[in-house]
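This briefing goes through the sheet, the helices and the aromatic pairs in turn. Please keep the sequence and the model at hand while reading.

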Amino acid sequence: LTSETQNDFGMFLMDEVAGVRVEHPTDLYTLDFFVEPNVAIELNGPQHYVEYTDGTQELIGLTQLKTRIIEEYFKMKVINVSSMHWAELNSNAKAEYIHQIQSQILKSK
């Protein structure tokens, strides 16, 4: 089940990055986005974060565990993206954010 935010992110991502797979199944998880040969991109909603009183956020333990399993078991680079942060960006900032992700993808190849 995809959200409007996930669709928006996916459109920006697929415009800039070749070979993106959406809702890619693995033995254990379905990845939000997958880029060959070894990059998983997870768009995480607010339920995946704990927010501290100073306004900073951190992934909750279960999401950190999922990230570690994907990295260690599947030998993938995981890029976690906050859907709340994505939703706050304007089009230019979204394009720049995708370029940063693209740079991370290229480094992992």
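Against which strands and helices do the buried residues of helix 1 pack? In this predicted model, they pack against strand 1, strand 2, strand 3 and strand 6, and also against helix 3 (83-88) and helix 4.

**Helix 1**
- The buried residues of helix 1 are Gln-6, Asp-8, Phe-9, Gly-10 and Leu-13.

- Four strands make up an open sheet of mixed pairing, arranged in the order 1-2-3-6.
- Strand 1 (20-25) and strand 6 (77-82) are the edge strands, and since each has a single partner strand, one side of each is left without a neighbour in the sheet.
- From one strand to the next, the twist averages 35°.
- Strand 1 and strand 2 (residues 30-35) run antiparallel and are joined by five bridges; within strand 2, Phe-33 is the bridge partner of Val-22.

**Helices packed on the sheet**
- Helix 2 (residues 61-73) packs on the sheet, where it touches strand 2, strand 3 (39-44) and strand 6, and its direction makes about 150° with that of strand 6.
- Helix 4 (residues 91-108) likewise packs on the sheet and touches strand 2, strand 3 and strand 6, while the angle between its direction and that of strand 6 is about 170°.

**Aromatic pairs and cluster**
- With ring centres required to lie within 6.5 Å, the model has five aromatic pairs.
- One of these pairs is formed by Tyr-73 and Phe-74, which are edge-to-face, with 4.7 Å from centre to centre and 90° between the planes; Tyr-73 counts as exposed because its relative accessibility is 52%, the cut-off for that class being over 50%.
- The rings of Trp-86 and Tyr-97 have centres 6.0 Å apart and planes at 65°, so this pair is edge-to-face as well, given that an angle over 60 degrees is needed for that label.
- Because Trp-86 belongs to helix 3 and Tyr-97 to helix 4, their pair ties together parts that are 11 residues apart in sequence.
- Trp-86 is buried, at a relative accessible area of 1%, and Tyr-97 is buried too, at 18%, where buried means under 20%.
- Trp-86 and Tyr-97 belong to one aromatic cluster together with Phe-9, Phe-12 and Phe-33; of its members, Phe-9 is among the buried residues of helix 1, and Phe-33 is the strand 2 residue bridged to Val-22.

Methods. Residues are numbered from 1 along each chain as its sequence is written. This is a predicted model: local features need pLDDT of at least 70, side-chain atom pairs count only at pLDDT 80 or more; totals for chains, interfaces and linings use all residues. Side-chain values use heavy atoms; hydrogens and water are left out. Two strands pair if DSSP finds at least two bridges between them. Helices (H or I, at least four residues) and strands (E, at least two) are DSSP runs, numbered from the N terminus. Axes are lines fitted to C-alpha atoms, for helices over the stretch in contact, and angles run from 0 to 180 degrees between N-to-C directions. Contact means heavy atoms within 4.5 Å. Buried means under 20% relative accessible area, exposed over 50%, partly exposed in between (1.4 Å probe, protein chains only). Rings of Phe, Tyr and Trp (its six-membered ring) pair if their centres lie within 6.5 Å; planes under 30 degrees apart count as stacked, over 60 as edge-to-face and the rest as tilted.
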